[in-house]
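This briefing describes one structure, taking its topics in turn.

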Amino acid sequence: MSDNSTTTVGKPISCKAMVARAAKQPLTQENITVGTPKAGEVRVKVIANALCHTDIYTLDGYDPEGLFPCILGHEAGCVVESVGEGVTSVAPGDHVIPCYTPQCCEWSCIFCQSPKTNLCPKIRSTQGKGVMPDGTSRFTDKDGKPIYHFMGCSTMSEYTVLAEISCAKINKKMALDRACLFGCGVSTGLGAVWNTCKVEVNSSVAVFGLGAVGLAVIQGAKMAGASRIIAVDVNPKKFVAAVALGATDTVDSSKLDKPVQQHIAGTLTEWGVDYSFDCTGNTEVMRAALECSHRGWGTSCVIGVAASGHEISTRPFQLVTGRVWKGSAFGGFKSRRDVPNLVQKSLDGDLPIEHFVTHEFDGVEKTNDAIEALHGGECLRAVVKY
Ligand SMILES: NC(=O)c1ccc[n+]([C@@H]2O[C@H](COP(=O)([O-])OP(=O)(O)OC[C@H]3O[C@@H](n4cnc5c(N)ncnc54)[C@H](O)[C@@H]3O)[C@@H](O)[C@H]2O)c1
Ligand SMILES: [Zn+2]
Ligand SMILES: [Zn+2]
């Protein structure tokens, strides 16, 4: 890094970042310039970043709206370096988790005011276009050309700029190389159970896909008191962690001689499970998850992000006979309000998350190695410390 935080305030910062120049290409290590935060913005030093499949999905070219060149990354732990005009909720030195689902908290925001959703649309249009709310980027490359932001976070850089409404301020006691996990996958799985489905004591649950998100669903379901937790994957190596977290049954769906929904609703249970969760992004799995949910009241929650153009289907009779199809984004958590509480719960020893970190790397330039680890199939979360 070229500068330290006491001398950088009010000036552009030059630092290292991993830039996604084009789809399907490795990230390139570059020296970039990070502009000063404008009104309502916060410039942060990124301390650690965990990889999520959404980064890879975009890098692999599956997101038709993916913009290049961009700086990916959205599961991070950061320290505030400086703030723009009008910023009051965070100050230099504060520890924050960037949240791709912001929370503006304004009285005029019907989404923030509703207890039914966390989907604040305040900066949605510019975030989707890879720019800050004023329509411009804070990143420039060595030739002075702009680089796009990603999901309002762009944490594969030693410094980044966030909207104030995307910053969840957390307890400084929590190590940032662990707190980062609450920026996406882990919070998503827990919240789908606690907020979106409100799983009750003694419920039966089926979880499809045992990556970090699916394992967080299992952990959340166990904490909610579920008595039966059926863990489904096509990779049996994932069952060890699932059982350790509370799964009572494991199913390798690739080895069955009938559709997995018939195995769960028919063999393992009589009528199906009270709650099921898709954590794969595969639309056939989403169908199976719905169809293995209980006649009369089963609820199935889509968490996985499907490849573009894919659609879900089932016979309408499945819904007529009482099944409910739901979806969850960031676990329904209102980001700035709820992420600090998750961190506190973890600090208090009530929400262990260490088991999600399977790989660790040092230096932002190791991000390509982390991506390779994530492709390996045994990785839950690869954390890169900067
Ligand atoms: N809704 C949200 O807010 C949100 C947030 C984060 C991640 N996601 C999405 O959640 C999904 C899971 O994320 P992750 O990081 O845990 O991914 P992951 O790739 O680590 O885990 C996916 C798991 O699914 C398994 N799998 C693949 N095909 C399967 C099949 N046919 N049947 C059963 N299991 C199968 C894989 O073996 C793997 O263990 C992704 O689609 C991701 O994009 C959504
Ligand atoms: Zn993510
Ligand atoms: Zn809002």
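Cys-105 is found in the loop between β5 (95-98) and α3 (110-113), where helices (H or I, at least four residues) and strands (E, at least two) are DSSP runs numbered from the N terminus. This is a predicted model, in which local features need pLDDT of at least 70, side-chain atom pairs count only at pLDDT 80 or more, and totals for chains, interfaces and linings use all residues. Residues are numbered from 1 along each chain as its sequence is written, and chains are lettered from A and ligands numbered from 1 in the order in which they are written.

**Backbone features**

- Although Cys-105 is not a glycine, its phi is positive, at about 65 degrees.
- A cis peptide bond leads from Phe-68 to Pro-69, with omega near -5 degrees.
- Pro-69 belongs to the loop between α2 and β4 (76-83).

**Domains**

- The domain assignment of the protein chain gives domain 1 (8-185 + 332-385) and domain 2 (198-327); such bounds come from an automatic or database domain assignment.
- The centres of domain 1 and domain 2, taken over C-alpha atoms, are separated by 30 Å.
- Domain 1 contributes 12 residues to the contact and domain 2 contributes 11 residues, with two residues in contact if their C-beta atoms, placed from the backbone, lie within 7 Å.
- On the side of domain 1 that touches domain 2 there are 5 nonpolar, 4 polar and 3 charged residues; Ala, Val, Leu, Ile, Met, Phe, Trp, Tyr, Cys and Pro count as nonpolar, Asp, Glu, Lys and Arg as charged, and the others, Gly among them, as polar.

**Shell around ligand 1**

- Ligand 1 is surrounded by 30 residues, the closest being Gly-209, Gly-211, Val-213, Gly-281 and Gly-304; a residue is near a molecule if its C-beta atom, placed from the backbone, lies within 6 Å of it.
- Two or more residues of this shell come from each of α2 (53-59), α6, α7 and β11 (228-233).
- Helix α7 gives the most, with 3 residues.
- By class, the shell comprises 14 nonpolar, 14 polar and 2 charged residues.
- Ligand 1 lies between domain 1 and domain 2, because both give residues to its shell.

**Packing of α6 and α7**

- Helix α6 (residues 185-196) packs against helix α7 (residues 212-223) at an angle of about 40 degrees, with their axes 7 Å apart.
- That angle makes α6 oblique to α7.
- The contact of α6 with α7 has 11 nonpolar, 6 polar and no charged residues.

How values were computed: Axes are lines fitted to C-alpha atoms, for helices over the stretch in contact, and angles run from 0 to 180 degrees between N-to-C directions. Angles under 35 degrees count as roughly parallel, over 145 as roughly antiparallel, 65 to 115 as roughly perpendicular and the rest as oblique.
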